[in-house]
Every structure is written in structure tokens, then in C-alpha cells.
Amino acid sequence: MHPTNLTTIALFASGSGSNAENIVRYFAHRPDLRFVVFCNKPGAGVVERAARLGLPVVMFDRDSLYETGKVLDYLRAHEVSLVVLAGFLWLVPAALVQAYPQRIVNIHPALLPKFGGKGMYGDRVHRAVLAAGEAESGITIHYVNEHYDEGQVIVQARCPVLPGDTPEALAARVHALEYAHYPRVVESLLE
Ligand code: GRF
């Protein structure tokens, strides 16, 4: 039987899932937390990671998110109280935002409001930062609203852009910030 004070966190990911895994590992000493991976991309790295970590995975498609409301049903069925986006690219629909007010967070690999919005993800972000000649980049962890990358900022952390940086080199520096900060922000939202 489960203790009654379990908290369930949904990790929405459609990519490699390294942030998702990092968060799960950070909370390895917390038996009061459960994680469920929500994924819209069959074959995504996060699915294999979830299997390795022994986490349940909910696969869903566009209709389940935007038309039928099934994703919300799954969240409720799993008694999810916090939704953490970690490499999830689709817009979160208003119904979900309203069902989880200030309980959905995202991480963006740049200093919003710059270099955000639809289509700004992954290497595209880092290429844009380099093309703009920015002296620094970083991460933004923010609440999610109905617009891409526009919800209230919770934390930003910065790193330098170095001479001769490639998108890959910058991405590695930014990922290190993500791994250091995202679990702690999630932890703060549990209190
Ligand atoms: C991260 O860079 C995150 O900022 C962005 O998507 C990427 C996900 O990477 N939202 P991973 O799948 O966690 O490795």
C-alpha cells in the first residue's frame, strides 16, 4: 500500500530526456515522490530512459492533448500535482494551464524574453544566441501559460558565451546550468 502523502510529478519530454533523468536521480532519496513520464514522441530517448529508471510512461498524441482532453484525464488518474516540462515542444493548451495554475513549469535554454517563442528550441536557440553576438546566455525556468515561453520567470542563471563557441559548446555549458538548477526549483515548488 502507498503512504497517503505521496506527491506525483509528471515529466513531459519528447527528446533525449537528460533533464528528466537528472531530476529523478536528484530525488532518489525521496520515497514520497513518484514520477510519471508523459511523451508524445514514440522512440524518443526519454522513453528508453524511463524504462531504465522503472518509471511509468504515458504516450499521447496531438488529439489527446488538444481535442479529447485525455492528457488531463491521465494526469488526474495519476493524481499528478506538478507538471514539469523538460524538452517538450508542443504548446500547452489553456485547459491544462487552467487545471494546473502555477503548477506547470518549463525550462528554456536561453535568457528569456530573448531567443524564445515558437520554433525556438534546441540548437536553434544556441545558433541564434551566437549569431546575435551575445556576451552571455543561460537558462530560464518559468511557469507555463498559454503562450510559448511567456509565463512568469522563476529563476534565470547565466553563463558566458566564449570566443569561438560552437552551438554544441554553448549547449553543453547551458545543459550544465539546467542540471544544477532545475531539480532545485522543482524541490522549491514542492514545499
Ligand atoms: C533542454 O535544453 C531544455 O532547456 C529544453 O529542451 C532541452 C531538453 O534536453 N527545453 P534533454 O532532453 O533534457 O536532454
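Modeller: A polar side-chain atom of Ser18 lies 2.5 Å from an oxygen atom of the ligand, and a polar backbone atom of Asn19 is 2.8 Å from an oxygen atom of the ligand, where a polar contact is a pair of N or O atoms within 3.5 Å. A nitrogen atom of the ligand, in turn, lies 2.8 Å from a backbone N or O atom of Ile107. The protein covers 85% of the 370 Å² of accessible area that the ligand has on its own, as computed by the Shrake-Rupley method with a 1.4 Å probe. This is a predicted model, in which local features need pLDDT of at least 70 and side-chain atom pairs count only at pLDDT 80 or more, whereas totals for chains, interfaces and linings use all residues. Residues are numbered from 1 along each chain as its sequence is written, and side-chain values use heavy atoms, with hydrogens and water left out.

The residues around the ligand, each with a heavy atom within 4 Å of it, are Ser16, Gly17, Ser18, Asn19, Gly87, Ile107, His108, Pro109, His175 and Glu178. By class, this shell has two nonpolar, seven polar and one charged, with Ala, Val, Leu, Ile, Met, Phe, Trp, Tyr, Cys and Pro counted as nonpolar, Asp, Glu, Lys and Arg as charged, and the others, Gly among them, as polar. Two or more shell residues come from each of helix H1 (18–26), strand S5 (104–108) and helix H7 (167–190), these elements being DSSP runs numbered from the N terminus, with at least four residues (H or I) for a helix and at least two (E) for a strand.

How values were computed
Polar contact = N/O pair within 3.5 Å; in protein donor to acceptor, adjacent residues only side chain to side chain.
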